[in-house]
Amino acid sequence: MAMPWRQSLRLGTYLAKQKLLRREKFPILVELEPLFACNLKCAGCGKIQHPHDVLKQRMPVEQAVGAIEECGAPMVSIAGGEPLMHPQIDEIVRQLLDRNKIVFLCTNAVLLPKHLHKFTPHPNFAWMVHLDGLRERHDASVCKDGVFDQAVAAIRQVQAAGFRVMTNTTFFDLDSPQDVIDVLDYLNDELGVDHMQISPGYAYEKAPDQEHWLTVQQTHQLFAKAFAGGRRKKWRLNHSPLYLDFLEGKVDFRCTAWAIPSYSLKGWQRPCYLLDDGYTATYRELIEDTDWDSFGRGNDPRCANCMAHCGYEPTAVVATLGSLRETIRAAAG
């Protein structure tokens with residue numbers, strides 16, 4: 001199962017326009033971080049390592065919306081930190097939807113029941129709940145017992161309220177192919193979320209846990225075994241078939257991190273949200289003043305084991321829509 005049809009149609013139209021305009025580099029989705037503060041201390045995330053004065057900051061609505069307008073990306077993933085800790089997060093979402101953006105609001109779901117009344121279901125809006133495994137595995141990942149059950153209860157609540165719900169799961173070297181199968185079966189069949197995203201863990205340098213990231217070889221082995229027998233076709237995965245091929249090691253791509261830029265309280269992060277080589281004030285500066293050929297596997301040693309969606313999913317999407325065969329394959333699921 002490939003990406004939602006509305007998302008695929010929007011992307012196809014947008015990419016066709018970029019091709020007609022002969023643009024070489026353009027944003028597909030922006031990782032928007034309107035705050036760094038969070039209510040959890042996950043082992044694989046380093047956002048709360050920022051100084052206390054930075055953790056207290058909240059991005060103004062005008063700044064958040066202005067950044068998306070500046071770059072022109074059709075999709076926005078609002079992350080953090082925990083976005084629901086932002087007092088005007090509902091207004092940021094509303095204004096982006098008013099501008100016809102596809103919006104994913106990422107959350108650990110702990111605060112979701114308290115804030116759900118501020119939001120209204122919309123065809124271009126989805127909750128993106130982080131679930132890094134089933135109960136024991138997820139609670140260990142977020143370093144707090146009971147969070148898995150809270151997230152599941154919140155998902156059921158927002159589903160009952162008519163919202164689209166997606167999940168995002170990161171896998172580490174602690175996970176087996178059977179773990180991948182079990183969590184995706186649960187999310188797909190028992191919990192019934194609309195779509196799921198998956199990602200191999202990347203060695204984010206500020207994260208407390210630096211011991212359990214996946215190498216490229218481990219990523220290939222993990223997903224090749226998990227996807228064996230055509231299992232991936234039954235799961236409602238929010239990925240192009242070519243990106244899933246990439247995770248299995250069937251194809252290789254170059255990193256195109258410029259297509260999923262990250263904008264935070266500090267500005268446009270160079271070159272992506274996983275690496276921190278400084279910030280620019282404008283999207284144009286980010287694109288024009290960054291040596292993009294210096295990043296990606298084979299170019300920068302920090303990227304040696306990265307297969308994250310922020311660098312390689314856009315490459316796969318462009319390759320898909322540039323091939324009639326792959327477009328048909330993606331449409332067929």
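## Close-up views of a predicted model

**Figure 1. Helix α10 in the predicted model is built from buried residues.** Pro241, Leu242, Tyr243, Leu244, Asp245, Phe246, Leu247 and Glu248 are the buried residues of this helix. Eight of the eight residues of α10, which spans residues 241-248, are buried, so the helix is largely enclosed by the rest of the structure. Just after α10, Gly249 adopts a positive phi of about 90°.

Figure 2. Strands of a sheet pair through backbone hydrogen bonds, in either a parallel or an antiparallel manner. The next views present several of the pairings one by one.

**Figure 3. Strand β1 is covered on both faces.** In a regular strand, side chains alternate between the two faces of the sheet. In β1, Leu29 and Glu31 lie on one side and Val30 and Leu32 on the other, and all are buried. Strand β1 pairs with β2 in the parallel sense over four bridges, and Leu32 has Ile78 in β2 as its bridge partner. Two bridges join β1 to strand β7 (residues 262-264), and these strands also run parallel. In β7, Tyr263 stands opposite Leu32.

**Figure 4. Strands β2, β3, β4 and β5 are joined by parallel pairings.** Strand β2 (residues 75-78) is joined to β3 by four bridges, with Met75 opposite Ile102 in β3. Strand β3 (residues 102-107) is in turn joined to β4 by five bridges, and here Phe104 stands opposite Ala126 in β4. Five bridges likewise join β4 to β5, where His130 stands opposite Asn168 in β5. Five of the six residues of β4 are buried, so this strand is largely enclosed by the rest of the structure.

**Figure 5. Trp127 and Phe163 form an edge-to-face aromatic pair.** A pair of aromatic rings is described by the distance of the centres and the angle of the planes. For Trp127 and Phe163, these values are 6.1 Å centre to centre and 65° between the planes. Trp127 belongs to strand β4 (residues 125-130), whereas Phe163 is in the loop between α7 (147-160) and β5 (164-171), so the pair ties together parts that are 36 residues apart in sequence. Trp127 and Phe163 are both buried. Together with Phe119 and Phe125, these two residues form one aromatic cluster. A search of the whole structure finds 16 aromatic pairs.

**Figure 6. Phe246 and Phe253 form a tilted aromatic pair.** The ring centres of Phe246 and Phe253 are 5.9 Å apart, with 40° between the planes. Both Phe246 and Phe253 are buried. Phe246 is one of the buried residues of helix α10.

**Figure 7. Helices α1 and α12 cross at roughly 80°.** Two packed helices are described by the angle between their axes and the distance between the axes. The axes of α1 (residues 5-20) and α12 (residues 309-321) come within 11 Å. With a crossing angle of roughly 80°, α1 is roughly perpendicular to α12, because angles of 65 to 115 degrees are counted in that class. At the contact, Leu11, Gly12 and Leu15 of α1 meet Val317, Val318 and Leu321 of α12. The residues of this contact comprise five nonpolar, one polar and no charged.

**Figure 8. Gln49 is located in the loop between β1 and α2.** The loop that holds Gln49 runs between β1 (29-32) and α2 (52-55). Gln49 has a relative accessible area of 48% and is therefore partly exposed, because this class lies between the limits of 20% and 50%. Gln49 and Ala79 are 30 residues apart in sequence, and their C-alpha atoms are 16 Å apart in space.

Technical notes
Residues numbered from 1 in each chain as written. Predicted model: local features only at pLDDT ≥ 70, side-chain atom pairs only at ≥ 80, totals over all residues. Heavy atoms only, no water. Axes fitted to C-alpha atoms, helices over the stretch in contact; angles between N-to-C directions. Parallel < 35°, antiparallel > 145°, perpendicular 65-115°, else oblique. Contact = heavy atoms within 4.5 Å. Nonpolar A, V, L, I, M, F, W, Y, C, P; charged D, E, K, R; others polar. Phe/Tyr/Trp six-rings, centres within 6.5 Å; stacked < 30°, edge-to-face > 60°. Buried < 20%, exposed > 50% of the residue type's maximum accessible area, 1.4 Å probe, protein only. Pairing = 2+ DSSP bridges.
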